[in-house]
Number of protein chains: 2
Amino acid sequence: MSKHGQRVLITLRKMIANGELPPGERVAEIPIAERLGVSRTPVRIAFRTLEQEGLLRKGDRRGYTVRAITPTEIADAIEVRGVLEGLAARIASERGISPQARNCLIECLSTGDALFSKGHLTDEDMENYHDFNMRFHNTIIESSRNIAIEDALSRNDHLPFASVSSIAFNRDDMVGEFRRFNFSHMQHHIIFDAIDNGQGARAEALMREHANAALRYTKILSPEHAMPENFTVIERED
Amino acid sequence: MSKHGQRVLITLRKMIANGELPPGERVAEIPIAERLGVSRTPVRIAFRTLEQEGLLRKGDRRGYTVRAITPTEIADAIEVRGVLEGLAARIASERGISPQARNCLIECLSTGDALFSKGHLTDEDMENYHDFNMRFHNTIIESSRNIAIEDALSRNDHLPFASVSSIAFNRDDMVGEFRRFNFSHMQHHIIFDAIDNGQGARAEALMREHANAALRYTKILSPEHAMPENFTVIERED
DNA sequence: CGTAATCAAATTGGATCCAATTTGGCAAGA
DNA sequence: TCTTGCCAAATTGGATCCAATTTGATTACG
C-alpha cells in the first residue's frame with residue numbers, strides 16, 4: 001500500500017481511538033474523504049480494512065458506524081490475548097527456544113533489572129520499559145513458530161489497550177506504578193524460568209495471568225474511553 | 001458489499017482453496033479481473049480482504065502472492081481454535097448459559113444420538129451431522145458472550161479445514177468414519193456435561209482436546225492440499 | 001388528519017482514466 | 001563478456017464518472 005493510503009488508514013484509526021469519531025457515529029465516504037483531502041478511493045479501502053480490524057461495523061443496509069468499544073470488550077480482548085500468548089509460551093516451552101531468542105529474553109530481563117534496581121521510575125524509564133516489554137512478548141510469540149497465533153493476535157492488537165503495544169501510566173502515582181510494573185517484570189522472570197526449563201503448563205498459566213496486568217485499563221477507562229489527564233500513553237507502531 | 005463484489009471474493013477464496021491459483025503464484029489485478037469479467041475495482045477490494053484473511057500475502061514491493069498453506073499451518077490454526085473454543089467453553093461454564101442455548105445444545109446432542117443409534121452413517125447423515133456440529137460449536141462460542149473470541153475465530157475460519165464449517169470423510173471407510181464421528185459426538189456430550197455443571201476447567205480441557213478431532217486433515221492433505229478422490233467434503237458458508 | 005406513493009437527493013459500488021513507480025530488457029561502453 | 005544506464009512496458013494506486021439502490025420528503029388522496 002502506498003504512503004498515501006497508509007496515512008488515511010492510520011489517521012482514521014487514531015480518530016476512532018481518541019474519540020474524534022464518536023462510537024456509534026455513522027461515517028460516510030464523501031465527508032471523510034473531503035476532511036482528509038483525498039478522493040473516495042483510499043477511504044473506501046480503509047473502511048474495509050477497519051471493518052476487518054473490528055473498528056468499524058457495517059450497517060444493515062448501507063454505510064459504516066464506529067464500533068462502540070466498551071471496557072468490557074477490551075477486557076474480553078485481553079482475556080483472548082492471555083490464552084493466545086499462553087499457548088505461545090507453552091509451545092515455546094515444549095519445542096524449546098533458539099539461543100538467539102533465549103539471549104533476547106535474558107537481555108530484556110537484565111535491562112529491566114537495571115531499571116527497577118534504582119527503586120523508582122522516570123518517564124524515560126517507561127519508554128524503555130515499554131520497548132523491552134514488547135520485545136519480550138514478541139520474542140515468545142515468534143518462538144512458538146505458530147503463524148496462526150501471530151495472525152490471531154494481530155487482530156486483537158487493533159483494539160486500543162488490548163495489546164502490548166500500548167501502555168499508560170499515572171504520572172501522579174509513580175510509586176504505585178513502580179510497584180505495578182515491577183510486579184509485571186517479576187512475572188517476566190518466572191515466565192522465562194518456566195520456558196527455559198521446559199515447563200509448558202506452568203509457562204502457559206503464568207502467561208495467562210500476566211495478561212491481567214493490562215486489565216487495569218478497563219477500570220480507568222470510561223465507557224467513552226477517554227484517558228484521564230494525569231495519564232501518559234505510550235504507543236508503538238509494532 | 002454488493003452481490004457482485006461478494007461473488008468475486010467468494011470465487012477467489014475457492015480458487016485459492018482448490019489450488020486453481022497455486023500456492024506461491026503471483027496474482028495481479030488485471031488478469032484476475034479479466035478472468036472474472038469484472039473491472040479492477042472489486043478485485044482490488046477483494047485482494048485486501050484476502051490479505052487480511054491470510055490467504056494472500058503481499059510482496060515486498062508490488063503485487064500479491066497466494067499464501068502457501070502447509071499442513072503444519074493448518075495444524076497450528078487448529079491448535080489456536082482449540083484454545084479459543086476452550087476459552088469460550090470455560091467462560092460459558094463460569095457465567096452459565098441461557099435456557100435457549102441450553103436447549104439448543106441438548107437438541108444437537110439428541111439429534112446426534114438418533115443418528116448414531118442406527119449403528120452406521122449415510123452421506124445424508126453426514127450433512128446432518130455437519131449442521132448440528134456447527135450449531136453446537138457456535139452456540140458455545142456465542143454463550144461466552146465474548147466478541148473477541150468470535151473475531152479471533154472468524155480469522156482462523158478462512159484457512160481450509162481449520163474451522164468447524166468444513167469437514168471431510170472417507171466414503172470407502174464409513175465404518176471407521178462412524179467410529180471417529182461417534183467419538184466426536186461423545187466428546188460433545190461430556191463437554192455439555194461440564195458446561196452444564198459449571199466445571200469451567202474441565203470444559204476448557206475437553207474442548208481443547210476436541211479440536212484435535214480435526215487434526216486428521218493435516219495427515220490426509222498433501223502439502224499442495226489436494227483432497228484424495230475418495231473423500232467427500234462438506235462446507236457451509238456460516 | 002393520516003397514510004401511501006412518487007420523486008429527488010444522497011450514498012455506495014463499479015468502471016475507466018491518469019499518474020507514479022517499478023521491472024525488465026536492450027544497448028552501449030569498459 | 002560483463003556491467004551499467006536508459007527507455008519502454010506493466011502494474012498499482014488515486015481520482016473521477018456513471019449507474020444502481022436507498023432514504024427521505026413532499027404531495028395527493030382517502
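Which strands of chain B does H3(B) lie across, and at about what angle does H3(B) run to E2(B)?

Good morning, colleagues. What you have before you is a predicted model, in which local features need pLDDT of at least 70, side-chain atom pairs count only at pLDDT 80 or more, and totals for chains, interfaces and linings use all residues. Residues are numbered from 1 along each chain as its sequence is written, while chains are lettered from A and ligands numbered from 1 in the order in which they are written.

To the opening question, then. H3(B) lies across E2 and E3 of chain B, and its direction makes about 100 degrees with E2(B). Helices (H or I, at least four residues) and strands (E, at least two) are DSSP runs, numbered from the N terminus. Axes are lines fitted to C-alpha atoms, for helices over the stretch in contact, and angles run from 0 to 180 degrees between N-to-C directions. Contact between two residues requires their C-beta atoms, placed from the backbone, to lie within 7 Å.

The sheet itself is open and has three strands, in the order E1-E3-E2 (chain B), with antiparallel pairing. Strand E1 (26-27) and strand E2 (56-58) of chain B each have a single partner strand, so each stands at an edge with one side lacking a neighbour in the sheet. Strands count as paired if DSSP finds at least two bridges between them. E2(B) and strand E3 (residues 64-66) of chain B are joined in the antiparallel sense over three bridges, and Lys58(B) stands opposite Tyr64(B) in E3(B).

I turn to the DNA. Around DNA strand C there are 18 residues, the closest being His4(B), Gly5(B), Ser39(B), Thr41(B) and Arg61(B). Here a residue is near a strand if its C-beta atom, placed from the backbone, lies within 6 Å of it. Helix H2 (29-36) of chain A, together with helix H1 (3-17) and helix H3 (40-52) of chain B, each supply at least two residues of this surface. H3(B) gives the most, with four residues.

For DNA strand D, 18 residues again lie around it, and those coming nearest are His4(A), Gly5(A), Ser39(A), Thr41(A) and Arg61(A). Two or more residues each come from helix H1 (3-17) and helix H3 (40-53) of chain A and from helix H2 (29-36) of chain B. By class, the surface near DNA strand D has six nonpolar, six polar and six charged residues. In this classification Ala, Val, Leu, Ile, Met, Phe, Trp, Tyr, Cys and Pro are nonpolar, Asp, Glu, Lys and Arg are charged, and the others, Gly among them, are polar.

How are the two chains related? A rotation of 180 degrees with 0.0 Å of shift along its axis superposes chain A on chain B, with an RMSD of 0.1 Å. The copies are thus related as by a two-fold rotation axis. In chain A, the C-alpha nearest that axis belongs to Ala152(A), at 2.8 Å. The superposition is by least squares on the C-alpha atoms of residues with pLDDT of at least 70 in both copies.

Where the chains meet, 21 residues of chain A are in contact with 21 residues of chain B. On the chain A side, H3, helix H4 (71-95) and H7 each supply at least two residues, and H4(A) has the largest share, eight residues. Because 100% of the interface residues of chain A are also interface residues in chain B, the copies meet through the same surface.
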